[in-house]
Amino acid sequence: MTYPNPLIPGFNPDPSVVRVGDDFYLATSTFEYLPGIPIYHSRDFVEWTQIGNVATRPGQIEVENVPTAGGAWAPTIRHRDGVFHLVVTDAFGRGTLHFTATDPAGPWSDGVVLDGIDGIDPDLAWTEDGTAYITYSGLGVNPALPTFMSHRGMLQARVDLDSGRALEEPRTVWSGVGGKFPEAPHLYRIGEWWYLVIAEGGTERGHSVSVARSSSPEGPFEPAPGTPLLTARGTDRPVQNTGHGDLVLGPDGQWLIVLLGVRPRSMTQAFSALGRETFVTTLEWRDGWPVFEPVQLNPRPASGYREEFASHLGPEWVAVRRQPESVGSVTGGALVLRADGSSLSDPAPAFLGRRQQHQTAAVTARVSATDGVGGLAVRYDERFHYSIVVGAGRIVARACISGFERVEELAFDGDSVELELSSAPPQGDPFENPTSDLVTLAARIGGERRVLLKVDGRYLSSEVAESFTGRVVGVVALEGEVSVDWFAYEGSNE
């Protein structure tokens, strides 16, 4: 069977998947965005629907004051005896957390801190007698501990999930074959063997999947011949940075691995505008080892949506370091945002957005700013963002690039206007314009499209922003109250 790739497009890194009967559930990282940790569902492994999020209430993940790229890192989702379990790192926040739910759509529990587990990318596995193991990457992310930001390789401990504590001092387990930053362990009992699947080489171009096995979940682990077994490093494949994989038996009995990757563009495949996305590829078992197929690019057809705001916001909408309801709400058939004195350059702006899912995309919205200033924005983080807003007698387009700003504006005496933010591949000689895309900020006034600013898109890429996230497009309020009558998105992968 041929699967679409990316499987789940846009900012959806560090995927973990579990099969329950004929249903598949997949979770990804969200870092400083809330609600945190989306849960996607599929029955055919082709069409996926976001059915909810894990962190939907204050306190479940403490991202309010984490630095950029802190927060929810690398969840693992599993199922046992009718209960869904999810373990995740709340980096620079609460620590290693264990959530449970009987319905993966939620609500999920408040989350128990796993005492004695200091690291990232936790995995959860059980033996037949119910002994629970947490295997994790030993990067310390608790500023209060002496291990902060030191890496101790792969670690593992038996845990009591009810009390939330390690039952022993963590032991060192197999950490790969020498690639930098071993991370993302997943431990499985398949047949007579325990398999340990990890990532190494860093989450950039050297990313890879390595595999070892043992007769015991505690090791010692024997590496697969020729490991790492899956990587795009040193190739010109359109999908790069492939790694951080999780195995699952697919709907047709074919073994699969979901993993992260990026779709870089420009003359030298230098810039990944959408950040790390979820991909999938197949594997076969030969002589007791998995053999992976390279990750193939197979993007979905062009698609789009239009939000008329007839009811509450769906689970796809996110805010930065706070829940969306603290920023705005659906009222009277419109999305109303309330400014609080923050800007897009602040850690928690009055911004609501959705992931950009296509390499070529256009977002338009009808914005009314009778008593405020606001409009459209695309964000990587507080240092890298572009916006076009209306209010106070003018329309202003702004590009912010880590301390530098470019601003264009025009006078406008109305209260309501259609704004546009679009992304398209550059035209002409790639030697003269080596970039991921061009971003256009425009307004439609009296039937005429007025372009205020065209900006190089490379600055909103994971390589330039050095971000773990991706582009999020949405609406922002800078002053007063702003009403969004509708919000439309059209995208393709041309």
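Predicted model: local features only at pLDDT ≥ 70, side-chain atom pairs only at ≥ 80, totals over all residues.

Modeller: The peptide bond joining glycine 106 to proline 107 is cis, with omega at about 5 degrees. There is another cis bond to look at, from glycine 219 to proline 220, with omega near 5 degrees. Proline 220 belongs to the loop between strand 17 (208–214) and strand 18 (222–223).

Staying with the backbone, have a look at isoleucine 37. Its phi is near 65 degrees, which is positive even though the residue isn't glycine. Isoleucine 37 is part of strand 4, and it counts as buried because its relative accessible area is 0%, where buried means under 20%. Arginine 321 also has a positive phi near 65 degrees. You'll find arginine 321 in the loop between strand 25 (319–320) and strand 26 (328–331), and with 4% relative accessibility it is buried.

Now for the charged pairs. Searching the whole structure turns up 30 salt bridges. One of them joins arginine 300 and glutamate 47, at 3.8 Å from N to O. That pair links distant parts of the chain, 253 residues apart: arginine 300 is in the loop between strand 23 (289–292) and strand 24 (303–307), while glutamate 47 is in the loop between strand 4 (36–42) and strand 5 (49–55). Arginine 300 itself is partly exposed, at 24% relative accessibility.

Arginine 158 is partly exposed, with a relative accessible area of 27%.

Then there's glutamate 420 with arginine 449, whose side chains meet in a salt bridge at 2.7 Å, N to O. Here strand meets strand: glutamate 420 is in strand 33 (residues 416–424) and arginine 449 in strand 35 (residues 448–456), so parts 29 residues apart in sequence are tied together. Glutamate 420 is buried at 15% relative accessibility, whereas arginine 449 is partly exposed at 39%.

One last stop is a cluster of charges: Arg19, Asp22, Asp23 and Arg43 are linked by salt bridges into a network.

Technical notes:
Residues numbered from 1 in each chain as written. Heavy atoms only, no water. Salt bridge = Lys/Arg side-chain N within 4 Å of Asp/Glu carboxyl O. Helix = DSSP H or I, 4+ residues; strand = E, 2+ residues; numbered from the N terminus. Buried < 20%, exposed > 50% of the residue type's maximum accessible area, 1.4 Å probe, protein only.
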